[in-house]
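Notebook open, model loaded. I want to go through some charged side chains and a ligand site, and jot down what turns up.

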Amino acid sequence: MSRRVLGCLGQCSSRVFAIETDPKVDPVYFSLIKNPPTDAEMPAFQEIFGREKSYSFQVCVEDRIQRALLHDDLRHQLISGFGGDVKVFEMSSFRPNAQNSLVKGFFVNGVCGTPETDQTLSKLLQSNRLAVCTYVPGDAVGRWCQEPLRPAKDGAAAAAGRYGVVPVPSPDHHPSALDIINSSVFYNFIEAHNVMAECAHVITEAKHVLQRVDQTLPMRTTDRFPVIVIEGLDATGKTTLTESLKQSLGGVLLRSPPPCLSPWRACFDAKPALFRRAFYALGNYVTAAHISAESARAPVIVDRYWHSTAAYGIGTSVSGKVGNLPPRGSEVYRWPGDLLRPDLVLLLTVSPEERLRRIRGRGGEKTREEVELEANQLFRSKVEEAYRRMEDPACVVVDASPSAAEVLQQVLLVIKEKVHVQGSL
Ligand SMILES: Nc1nc2c(ncn2[C@@H]2O[C@H](COP(=O)(O)OP(=O)(O)OP(=O)(O)O)[C@@H](O)[C@H]2O)c(=O)[nH]1
Ligand SMILES: Nc1ncnc2c1ncn2[C@@H]1O[C@H](COP(=O)(O)OP(=O)(O)O)[C@@H](O)[C@H]1O
């Protein structure tokens with residue numbers, strides 16, 4: 001049962017809220033206090049709260065599937081309902097350093113009180129699954145307050161309390177880093193399977209994915225030939241290299257997500273991150289079963305595996321600069337304990353210019369994230385840095401700028417040096 005939480009930002013002053021006016025820079029952080037602030041006067045207030053009217057909207061629904069769907073839908077409602085001049089910023093409310101304390105939402109400023117915007121606000125207020133707040137001047141010298149809103153009898157907005165808003169220093173970790181484990185990245189099969197099962201009643205394709213996954217043979221861990229994973233941003237040369245390695249090693253080439261899940265990939269690429277990540281995570285477990293079977297008879301080369309899923313999940317969930325990524329050694333970079341572990345993971349890297357040259361030379365369709373990769377050097381840098389922080393197994397970085405033949409020779413040398421597993425290479 002969803003519960004209406006008024007002013008969820010104000011309910012426990014240990015919460016901080018972050019307003020991301022530009023995803024490329026650090027958010028502005030505030031906290032709430034019971035009484036209007038006495039000495040907080042910050043230019044940030046005026047810049048953020050001072051344009052016309054500003055509001056915050058947060059989905060307050062227990063069920064994570066409904067929360068993910070409503071969050072995506074709320075963004076569209078705000079953009080369409082308040083008109084083009086209004087700025088819609090990501091906003092998150094959280095307890096610093098407390099995992100899973102993140103409540104994501106949106107902050108909207110520059111709302112002119114027209115009949116259309118009043119109607120939009122009234123409609124949003126009627127929803128008992130949103131916490132809606134407005135921000136009003138606390139006094140004449142630039143101090144601000146937050147007022148949780150509830151619908152009055154005539155549908156207009158009525159304030160239900162008032163909290164002072166004070167700026168606070170940036171916390172140790174970026175709020176988005178609090179929401180990675182088993183949300184942006186899955187660290188065991190059951191967690192990913194649960195999300196897919198929970199969304200099956202709203203996403204028909206999830207039933208088909210679960211059928212395929214549940215048909216997957218249990219993994220065997222008997223003696224096996226080497227398992228080598230090739231990772232890297234798109235157009236670094238993974239497909240070219242894995243095909244050559246298959247020939248050179250007389251091996252089997254697999255990829256994740258596996259072909260048996262291909263019919264539903266485009267569907268999940270268009271879904272909220274929670275569902276998309278669960279899809280790719282389950283793809284890795286299906287691929288692991290195939291690796292286990294094939295490695296009994298030949299070396300196995302894999303084109304993308306868990307590191308891709310983790311790096312894209314971390315790179316997309318952590319906004320702002322590369323420094324906002326969880327530090328090296330964080331548990332988010334650690335391999336799932338229940339997933340078949342490869343003997344070697346090679347990370348192909350090339351310069352951004354060379355990647356673009358190769359992309360142009362290749363053509364072909366791109367996923368939404370690949371489009372974003374091209375548009376956003378910052379996103380690319382975060383994905384690549386996340387790859388480099390992976391542990392146990394770590395990625396062995398390979399400069400893939402030389403010719404395909406030279407890269408192949410270089411990689412064969414690395415494999416000879418690093419892989420000591422039963423079975424000939
Ligand atoms: N394989 C894989 N792709 C992911 C994952 N998460 C996001 N993606 C997206 O899917 C794209 C790669 O799709 P693939 O079909 O593996 O394409 P690919 O042939 O490896 O891509 P190239 O790297 O361009 O060759 C990535 O660039 C991301 O946009 C994941 O966990 N596994
Ligand atoms: N070492 C290389 N040098 C030059 N071009 C390459 C090299 N490896 C791959 N390419 C070309 O770059 C493009 C992308 O390569 P591909 O293997 O599809 O990369 P990925 O699978 O990582 O996206 C293709 O047109 C391919 O022919």
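Predicted model: local features only at pLDDT ≥ 70, side-chain atom pairs only at ≥ 80, totals over all residues.

I began with Arg-64, which is partly exposed at a relative accessible area of 22%. My scale: buried is under 20% relative accessible area, exposed is over 50%, and partly exposed is in between, with a 1.4 Å probe and protein chains only. Residues are numbered from 1 along each chain as its sequence is written, chains are lettered from A and ligands numbered from 1 in the order in which they are written, and side-chain values use heavy atoms, with hydrogens and water left out.

What does Arg-64 form a salt bridge with? I found Glu-198, with the closest N and O atoms 2.8 Å apart. I take a salt bridge to be a side-chain nitrogen of Lys or Arg within 4 Å of a carboxyl oxygen of Asp or Glu. Arg-64 sits in helix 2 (residues 64-82) and Glu-198 in helix 4 (residues 189-198), so the pair ties together parts that are 134 residues apart in sequence. Helices (H or I, at least four residues) and strands (E, at least two) are DSSP runs, numbered from the N terminus. Glu-198 is partly exposed too, at 29% relative accessibility.

I searched the whole structure and got 16 salt bridges. In one of them, Arg-224 meets Asp-343 at 2.8 Å, N to O. Arg-224 is in the loop between helix 5 (204-214) and strand 10 (227-231), and Asp-343 is in the loop between helix 9 (306-317) and strand 13 (344-349), so this pair ties together parts 119 residues apart in sequence. Arg-224 is buried at 18%, whereas Asp-343 is partly exposed at 25%.

Then I looked at Arg-255 and Asp-303, whose closest N and O atoms are 3.6 Å apart in a salt bridge. Arg-255 belongs to strand 11 (residues 252-255) and Asp-303 to strand 12 (residues 300-303), 48 residues apart. Arg-255 is partly exposed at 35%; Asp-303 is buried at 6%.

I also noted a salt-bridge network linking Glu-354, Arg-357 and Arg-358.

I did find a polar contact of 2.8 Å between its side chain and that of Ser-319. A polar contact is a pair of N or O atoms within 3.5 Å; within protein, one must be able to donate a hydrogen and the other to accept it, and residues adjacent in sequence count only if both atoms are side-chain atoms.

I get 15 residues around ligand 2, the closest being Ala-235, Lys-238, Thr-239, Thr-240 and Arg-362; the cut-off is a heavy atom within 4 Å. A polar side-chain atom of Thr-240 is 2.7 Å from an oxygen atom of the ligand. A polar side-chain atom of Arg-358 lies 3.1 Å from a nitrogen atom of ligand 2. Helix 6 (238-249) and helix 10 (352-362) are the elements giving two or more residues to the shell.
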